[in-house]
Amino acid sequence: MPEEKPSGLVQGTLYMLILKTLDLEPMHGYGIGVRLAQISKGVFQVNAGSLFPALRRLERDGLIRGEWRVTENNRRAKYYSLTTSGRGMLKRETRAWEVQTTAIGRILKASHGEL
Amino acid sequence: MRWLNRVIGGAYALARKERAERELDEELRACLEAAIEEKMRSGMGREEATRAARLETGLVSTHSVKERVRDVGWEAWVDTVSRDLRFAGRRIVQRPGRSLIVVLTLALGIGATTAMFTLVDAMLLRPAPWNAHGRVVWIVGLWGRSPMPRNFSYPDYLTYRDRATTLSGVAAEGGTAMAIGGRQPQRVLGALVSGNYFDVLGLRAQIGRTFAKGEDTAPDANPVVVLSDALWTAHFGADAGVIGTPVAINGKPFTIIGVAPRGFTGAAFATDPFQLWIPMAMHDTAKQADGGLLTDANRVHVVGRLRDGVTTAEADAEARVIARQLNSSQTPVDQEKSARVLPIRGGLTPWEQESLAPMFGLVSIVPALVLLVACANAANVLIAYHTARRREFAMRRAIGASRGRLVSQLLAESLVLALLAGLAGFAASFALSTVIVHFGEVPPDFSALLVLDGRALIAATTVGVAAVVLFGLGPALTTTRLDVLPVLKDEGTTSTASRGSGRLRRIMVVAQVALSLTLLVATGLFFQSLSRALRVDPGFDPQGLATVSFDLNLQGYSPDRRAVFVERFVERASTSPGVTAVAAANILPLGGEMYSATLVSNNGASSSRASVAQVSPKYFETLGLAIVRGREFTAAEVAANAPVAIVNETVARRLWPGLDPLGQQVRADDSKEPWREVIGVARDAKYLFLTESPLGGYYLPLPTASGGTFVIRTSGTPRALLASLTDIARELDPDLPIATAQTMDERIHRTVNLRRAVVSLLGVLGTLTLLLASVGIYGVAAHSVSMRTREVGIRISLGARATDVLLMIVRQNLSLSLVGVAIGLGISAAGAAMLASYLFGVTAGDPATFAGGALVLCLVSLVASYLPARRAARIDPVVALRYE
């Protein structure tokens with residue numbers, strides 16, 4: 001089945017972003033999407049078709065944990081929160097990401113003189 | 001640990017599938033609701049908000065989102081597969097006729113291959129139960145540069161036993177015929193073994209004990225014997241009380257100390273199962289006729305147990321080093337000793353495996369061919385049915401099913417069919433080997449090896465699953481390769497058969513015809529060889545002859561006692577009712593063995609190899625072997641061992657061309673024998689095999705202290721006479737085992753046993769493939785007729801006569817078969833050339849056999865295509881043009 005990638009999102013990055021969102025506070029699926037859009041100022045519009053499979057994958061891997069709770073609007077929703085190993089993963093991923101983006105940034109900024 | 005989480009999570013989801021589904025539904029609904037509320041808060045109406053929320057979240061179809069969430073875990077795959085399998089099961093039940101054809105067809109192929117596997121497995125592969133961990137190994141000798149593994153000599157065995165450090169024990173066994181006394185004296189194959197034999201093999205007696213330490217050291221001091229389970233059951237009625245009781249072995253008293261575990265018959269068990277074991281030190285007591293095991297002759301099997309942690313390769317390296325120490329600097333290169341350590345696998349010794357493996361390879365081709373034909377046929381049937389479903393496939397593609405899904409669904413169907421066929425084939429292999437054993441008159445100890453166990457079942461299913469790939473993938477791929485629109489728009493039945501699958505089907509038919517023709521030709525050639533071999537004139541009259549033989553040496557008969565026994569037996573047998581003549585000899589023709597010598601005459605000519613036999617008076621009369629010149633030995637000549645001889649025509653021609661052989665002098669080359677005067681010339685006879693080319697024959701008077709083999713002519717049925725003959729022997733000596741008792745006819749048939757087994761194997765399988773091929777041809781013809789119904793309707797309405805239609809269809813199918821026949825003739829010619837050395841009385845290119853085979857296939861395909869063609873000729877054009 002062809003995988004539909006979120007708009008402009010590097011595959012795998014979505015996992016990191018979800019982990020980061022949940023690091024701030026436990027959140028349900030819809031909330032995560034809204035939060036991602038808010039923080040990125042509308043750059044990332046995450047489709048349910050990508051979000052929910054990603055949540056299922058993270059939950060399966062034991063990085064996040066789902067739990068049914070009542071929302072502020074008095075509805076039942078499945079709230080996800082980070083597990084210990086999820087927190088560790090986020091830390092590692094963030095560090096790796098920073099290393100990579102710095103490196104990529106350097107390459108993109110490289111001029112003839114530096115060679 | 002992530003994979004563990006995945007596995008557990010998946011299993012959990014699978015176990016609580018409904019709950020997981022409900023939660024996912026609820027979660028998605030909650031998400032949508034939240035989005036809708038959000039929109040409504042910004043002032044939209046409920047309906048508008050719902051639409052906007054669906055678009056924004058991407059929850060337009062919750063179904064596809066759910067599908068993708070489900071696909072995250074591996075359990076989704078289980079789900080798909082189980083759905084496919086259930087669907088396949090339904091389709092199989094819906095089409096019982098088709099399913100039955102496919103299953104039966106494949107079962108035949110699988111059955112044939114499984115039966116063959118069982119045989120090869122028993123001979124070459126299956127580890128013995130006492131060697132499940134493979135710690136017991138063969139140590140075999142190699143001589144010079146020859147790659148052929150050999151036995152060891154006893155002194156060499158001792159060297160390995162004392163020097164090997166990689167082995168915790170090295171044991172020796174040497175087989176020899178022994179006579180065991182009791183109520184029913186019997187001649188059995190026993191083994192002289194080293195004292196550590198059972199310990200090295202890791203075996204304990206099922207009752208009693210095995211040999212104790214030291215029981216094999218002092219010569220002739222410990223006459224003890226361990227029985228095999230089979231002998232204990234057959235000879236002693238499985239009575240536990242026999243432990244500690246005496247039994248006569250070769251006429252000497254031994255004490256039974258134990259019974260070996262059930263099923264154990266020696267390190268190699270397939271050809272010569274041992275029935276009893278005595279310590280090597282009892283060698284002189286159990287003396288056999290043909291000298292010793294303890295000499296330099298290479299006559300013992302050597303096995304060893306690997307020390308813990310030692311690999312076969314390490315033991316092998318050490319064995320080579322020890323072997324090198326056995327050679328001196330004077331040893332000629334071609335006699336230099338080397339050794340190898342080989343795993344014990346199958347029931348044959350390494351040297352037997354080495355020589356038999358090529359034959360197995362050759363024979364295994366046949367079931368493989370049957371399997372191929374069966375797969376082709378099954379594929380044909382499947383293609384036909386898949387093709388009929390093309391509209392369904394197109395429809396499903398149109399509403400979004402991927403081709404992969406369709407293919408996997410069709411493969412699931414094939415898989416279920418193949419598994420059913422695997423089970424049916426397992427049963428069929430049992431029936432097939434029974435049939436082959438029955439028609440082939442395979443020796444019983446050989447057929448006992450055809451045990452269908454778990455390994456055979458696994459083999460059958462493996463073959464079945466491999467068959468899926470062979471017969472399922474092709475049809476699944478071709479029939480799903482379709483352009484959706486044309487198929488959907490089409491009326492359904494096209495005027496010409498779809499090209500891709502049609503071509504595949506035609507190729508399958510050509511292959512089937514070619515392969516079954518090959519088998520048919522091979523069967524024909526072997527059948528002719530067999531019948532020609534059986535029609536060969538043995539030179540004497542085999543009808544009405546009975547033969548019995550006794551191993552008097554084993555029983556320790558003195559020459560005098562022997563002479564008395566022979567004389568009395570001849571006397572008593574002569575007076576039996578119906579008996580017309582009795583003779584004694586040291587050997588009889590066509591018994592599977594022959595003594596031979598090169599003859600020289602006093603004029604210096606020498607003959608090629610000649611069969612030598614010592615015979616009593618009336619030998620030629622009894623056998624019905626004509627004396628063409630001169631006369632038989634008289635009783636006086638035999639009693640005095642007079643220097644006279646009888647030769648056959650070949651010898652006479654060779655030694656004294658153009659001269660009168662009578663009165664000439666002859667003797668065996670290199671012998672201390674006196675010159676003998678030729679007093680008679682006998683007709684040429686067959687001595688070893690019916691199929692041998694003419695051999696020389698040389699007959700001497702039977703010395704009084706020789707013999708033990710008798711031939712008796714009766715006017716009644718020889719079979720019935722055998723019982724009274726054995727009774728006579730028992731009255732003369734109740735402890736004497738009977739070595740053989742059979743009619744001459746049985747002996748002759750036994751010499752062609754292998755040929756007969758091959759013919760029956762080929763015959764059964766050849767008939768099956770022919771049957772399969774005819775079903776295949778019929779299937780293609782029937783299918784093409786149904787695909788061309790409209791075309792035929794148009795032709796008829798335009799004025800084609802029924803015979804035109806009939807001829808058209810038949811011609812088309814026949815031309816297909818003719819291509820197959822042509823290819824088949826080519827394969828047969830190549831195959832027959834390979835088999836030439838196994839044929840007798842018929843050339844590998846025998847035109848009649850080839851033409852006959854081709855004719856049979858043409859006729860079969862004519863009949864198989866006639867039936868559908870007749871149906872086509874009766875098509876009503878009005879109905880046909882409306883036909884969908």
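Trainee: What share of the contacts in chain A with a separation of 6 or more comes from residues 24 or more positions apart?

Mentor: In this predicted model, such residues account for 46% of those contacts in chain A.

Trainee: What pattern does chain A follow along the sequence?

Mentor: Chain A reads α-β-α-α-β-β-α, with 4 helices and 3 strands.

Trainee: Why is the packing of α3(A) and α4(B) called roughly parallel?

Mentor: Helix α3 (residues 48-60) of chain A and helix α4 (residues 62-70) of chain B pack at an angle of about 30 degrees, and their axes lie 8 Å apart. Angles under 35 degrees count as roughly parallel, so α3(A) is roughly parallel to α4(B).

Trainee: Which residues make that contact, and what is the handedness of the crossing?

Mentor: From α3(A) come A48(A), G49(A), S50(A), F52(A), P53(A) and R56(A), and from α4(B) come V65(B), R68(B) and V69(B). The crossing of α3(A) past α4(B) is right-handed.

Trainee: How many residues of each class does the contact of α3(A) with α4(B) have?

Mentor: The contact has 5 nonpolar, 2 polar and 2 charged residues.

Trainee: What makes a residue of chain A buried, and what percentage of the chain is buried?

Mentor: A residue is buried when its relative accessible area is under 20%. Buried residues make up 41% of the 115 residues in chain A. The accessible surface of chain A is about 7,000 Å², and carbon and sulfur atoms hold 55% of that surface.

Definitions and conventions:
Residues numbered from 1 in each chain as written. Chains lettered and ligands numbered in written order. Predicted model: local features only at pLDDT ≥ 70, side-chain atom pairs only at ≥ 80, totals over all residues. Heavy atoms only, no water. Axes fitted to C-alpha atoms, helices over the stretch in contact; angles between N-to-C directions. Helix = DSSP H or I, 4+ residues; strand = E, 2+ residues; numbered from the N terminus. Parallel < 35°, antiparallel > 145°, perpendicular 65-115°, else oblique. Left-handed = near helix turned anticlockwise from the far one by under 90°. Contact = heavy atoms within 4.5 Å. Nonpolar A, V, L, I, M, F, W, Y, C, P; charged D, E, K, R; others polar. Buried < 20%, exposed > 50% of the residue type's maximum accessible area, 1.4 Å probe, protein only. Areas by Shrake-Rupley, 256 points an atom, 1.4 Å probe, with all protein chains shown as cover.
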